[in-house]
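Me: Hi! I have a structure open and would like to go through a few spots in it. Can you help me read it?
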Amino acid sequence: MSSSSEVEFVLVRRRDLERLTTEVMQMREFLPQIVNSELVESVQRLESAENALGNKEQDCDHIRARLEASQGECLRAKEENLSLLVQLSTLREQSVQPADFCPPMGSFLCTLLWSVSNREETVKSILGMDKCAEFFMLVSQTVSRFVDGLGDKPLDDDDEDGCYVLGLAGIVTNVAAVPCGRDFLISSCRELMESWIHILRKIRLGTCNRLRVLILKSLYNVSINQSALQWMSQVTGFLCDVRRLLIDPDAEVCLHALLLFQSVVVDPDVLRRLWGEVQECLPSIMELSLSANTQLQRTAEELLEEVRGAAD
């Protein structure tokens with residue numbers, strides 16, 4: 001062997017050398033075509049994708065951890081809701097007895113107060129209460145909402161709600177039958193009177209007959225008061241509302257509408273001021289004067305005579 005400073009030679013067959021030379025030349029020719037900018041960009045994109053994939057895996061781990069935490073919170077919330085439902089069910093069971101007791105008690109008390117308020121001393125006691133005006137405001141709102149809630153359904157006079165509402169209306173009717181009650185209603189509860197007129201407009205003909213009769217009676221009683229009469233005669237469309245009730249299929253509603261009409265137009269000044277509207281009502285009154293109902297017939301005839309006498 002030669003020393004390290006000597007050049008070593010390897011014997012290569014000419015055919016192998018030529019083949020190697022050819023391959024080197026081919027690589028020099030084709031390598032630039034293969035290793036170009038597109039390949040470099042592809043490699044770079046691949047590296048970026050691998051990095052992004054790594055980041056996504058980290059994100060997934062973070063999201064997975066948050067999902068597990070949310071699932072735990074959801075499970076705890078479900079347990080809390082279940083506990084609340086159990087408590088609510090217990091409270092409902094505890095409140096069933098008072099809730100079942102209140103409607104019949106309210107109906108009974110209103111009916112009782114309606115019965116005892118037919119005495120003047122009782123009405124004076126009611127009017128002497130500190131919360132009297134608030135009570136009648138509550139009556140107005142309660143009856144109005146009740147009628148609004150009825151829709152096309154009939155009023156059942158025998159059920160608790162029907163008795164409750166009729167009791168409230170009956171109390172107002174009895175209060176209006178007393179002079180001090182009329183003064184109080186027109187001076188401190190005019191909104192109730194306006195509500196009564198609105199309810200008459202709203203209720204369909206032939207329905208809620210007992211309620212409408214009570215309202216008509218209370219308006220008739222109030223009309224005896226001169227201030228109330230002047231106010232009532234100035235309510236827009238009031239006589240038209242009364243005329244509508246003169247053709248109601250219920251005879252008692254017709255009768256009390258006729259009495260109210262008579263009470264309003266008995267005042268000469270009111271009759272002159274509303275003469276045009278009164279004339280529009282005369283055909284309906286004439287028809288009632290031919291009614292088979294004796295009381296309706298007699299009242300209608302009396303009213304026609306009064307109107308004709310005033311016209312003369």
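This is a predicted model: local features need pLDDT of at least 70, side-chain atom pairs count only at pLDDT 80 or more; totals for chains, interfaces and linings use all residues.

Me: Okay, so which residues is N221 in contact with, leaving aside its neighbours within four places in sequence?
Reply: Those are T173, A176, A177 and R182. N221 itself has its place in helix α8, residues 209-223.

Me: And is N221 buried or exposed?
Reply: N221 counts as buried, because its relative accessibility is 13% and the cut-off for buried is under 20%.

Me: New topic: which residues touch the most other members in the largest nonpolar core?
Reply: That core has 71 residues, and F136, L185, W196, L211 and I285 touch the most other members. Helix α11 (residues 251-265) gives the most to this core, with 9 residues.

Me: What does L211 touch?
Reply: Not counting residues up to four places away in sequence, L211 touches V143, V147, L155, V165, L166, A169 and I203.

Me: How many aromatic pairs are there?
Reply: The count comes to 2. F135 and F136 form an edge-to-face pair, 5.3 Å centre to centre with 70 degrees between the planes. F136 and F184 form a tilted pair, at 6.0 Å and 55 degrees.

Me: Why does the pair of F136 and F184 tie together parts that are apart in sequence?
Reply: Because F136 lies in helix α4 (residues 132-150) and F184 in helix α6 (residues 179-188), so the parts are 48 residues apart in sequence.

Note on methods. Residues are numbered from 1 along each chain as its sequence is written. Side-chain values use heavy atoms; hydrogens and water are left out. Helices (H or I, at least four residues) and strands (E, at least two) are DSSP runs, numbered from the N terminus. Buried means under 20% relative accessible area, exposed over 50%, partly exposed in between (1.4 Å probe, protein chains only). Contact means heavy atoms within 4.5 Å. A nonpolar core is a set of buried Ala, Val, Leu, Ile, Met, Phe, Trp, Tyr and Cys residues joined through side-chain atoms within 4.5 Å. Rings of Phe, Tyr and Trp (its six-membered ring) pair if their centres lie within 6.5 Å; planes under 30 degrees apart count as stacked, over 60 as edge-to-face and the rest as tilted.
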